[in-house]
Amino acid sequence: MSGVAPAVVAQGLTKKFGDFTAVDHLDLSIAKGEVVGFIGPNGAGKSTTIRLLCGLLTPTSGTASVAGYDVVLHPDSVRLHIGYMSQKFSLYGDLTVRENLRFFAGIYQVPRKEIPERIKFAVSMAGLEGREATLVGTLAGGWKQRLALGCAILHRPPVLFLDEPTSGVEPEARRRFWDLIHTLAGEGVTILVSTHYMDEAEYCNRIALIDAGKLIALGSPSELRHHDLGGQLFELECAAPGATLAAARQAPGVIEAAIFSDKLHLLLRTDTSGEDLLASLTTQGITAGPIRAILPSLEDVFVQLVSHRQSATP
């Protein structure tokens, strides 16, 4: 909203470990109540960026502020105003649901008189009514996930960082978890959530695509799907994807080719038609088809942007 300061701001944020640059001059601004997805492969720099924004790591250069607090000058204030959920469940398996919640309420300095109400809310949100005395170690992954989120918001933080929270969790539990995320966003909580699941990006207001520490694209799912890839995207059905992929990469007019399930996605120059490609494959002894023009998926956009960036790197 106009006149409202962003909840998260990073300018030129950089983190190096020796000669390795994990985060490379990242610029990012997130509005209050916005859900931003941090999308990229493992090792892209997502977790390092989140730890920088949480005040858990010190930047090599650049600046960042969260909830109005500078992450370098006031890291303790930052940590009091955020919720953080790491890749691995930070719960204690030998404690009960209630004991975990009471422990984290103490860590987050929740006023003593408010703890019972906050615990009741967290248990309800996680769908664990009647299981308060259950050992956390015996819970399924989806229940642990929602309980970990409940622990992270016990102190009602205005900003929430979720680092690959749905990794290894079954699809139904993932979908329910995203329902909780949007409920919190509707209450004004700002959320940055990292994931390597491209389908989860569709749940976000905006998506930040990151590769090798660099932010390579930022926009809504719709904006990114309409990104100019520099050609026309086609989907090709084929019986032998591996052999067809190798042949397609040798065909004239093919900019990029990748396997998607049992099909190929091919980016062709605008002067090359699907029929041209099929004819070229036939001369190489490959029979495939049919072929049809399609709109790019977010994964198509990401693959092309990464490929373009890598080819442009000296």
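These are my notebook entries on the predicted model shown above.

**Overall fold**

I began with the secondary structure. I found 10 helices and 14 strands in the chain. Next I took the extent of the C-alpha trace. Along the principal axes, I read a span of about 75 × 45 × 40 Å. I then checked contacts between residues at least 6 apart in sequence, and 69% of them join residues at least 24 apart.

**Surface and charge**

I looked up burial for the chain. Of its 314 residues, 48% count as buried. The accessible surface came out at about 15000 Å². Carbon and sulfur atoms hold 52% of that surface. I counted charged side chains as well: 28 are positive and 33 are negative. The centres of these two sets are 8 Å apart.

**Nonpolar cores**

I turned to the largest nonpolar core, which has 53 residues. Which of them touch the most other members? I noted Leu101, Leu147, Leu149, Leu160, Leu162, Ile191 and Leu209. I followed up on Ile191. Leaving out residues up to four places away in sequence, Ile191 touches Glu34, Val35, Val36, Leu160, Leu162, Ile181, Leu184 and Ala185.

**Ser220**

My last entry is a loop residue. Ser220 sits between strand 10 (214-219) and helix 7 (221-225). Is Ser220 buried or exposed? I read a relative accessible area of 18% for Ser220, so it counts as buried under the 20% cut-off. I then listed its contacts, setting aside neighbours within four places in sequence. Ser220 is in contact with Asn205 and Arg206.

Note on methods: Residues are numbered from 1 along each chain as its sequence is written. This is a predicted model: local features need pLDDT of at least 70, side-chain atom pairs count only at pLDDT 80 or more; totals for chains, interfaces and linings use all residues. Side-chain values use heavy atoms; hydrogens and water are left out. Helices (H or I, at least four residues) and strands (E, at least two) are DSSP runs, numbered from the N terminus. Buried means under 20% relative accessible area, exposed over 50%, partly exposed in between (1.4 Å probe, protein chains only). Contact means heavy atoms within 4.5 Å. Accessible areas come from the Shrake-Rupley method with a 1.4 Å probe; for residues, only the protein chains shown count as cover. Lys and Arg count as positive and Asp and Glu as negative; His and the chain ends are not counted. The place of a charge is taken as NZ of Lys, CZ of Arg, CG of Asp or CD of Glu. A nonpolar core is a set of buried Ala, Val, Leu, Ile, Met, Phe, Trp, Tyr and Cys residues joined through side-chain atoms within 4.5 Å.
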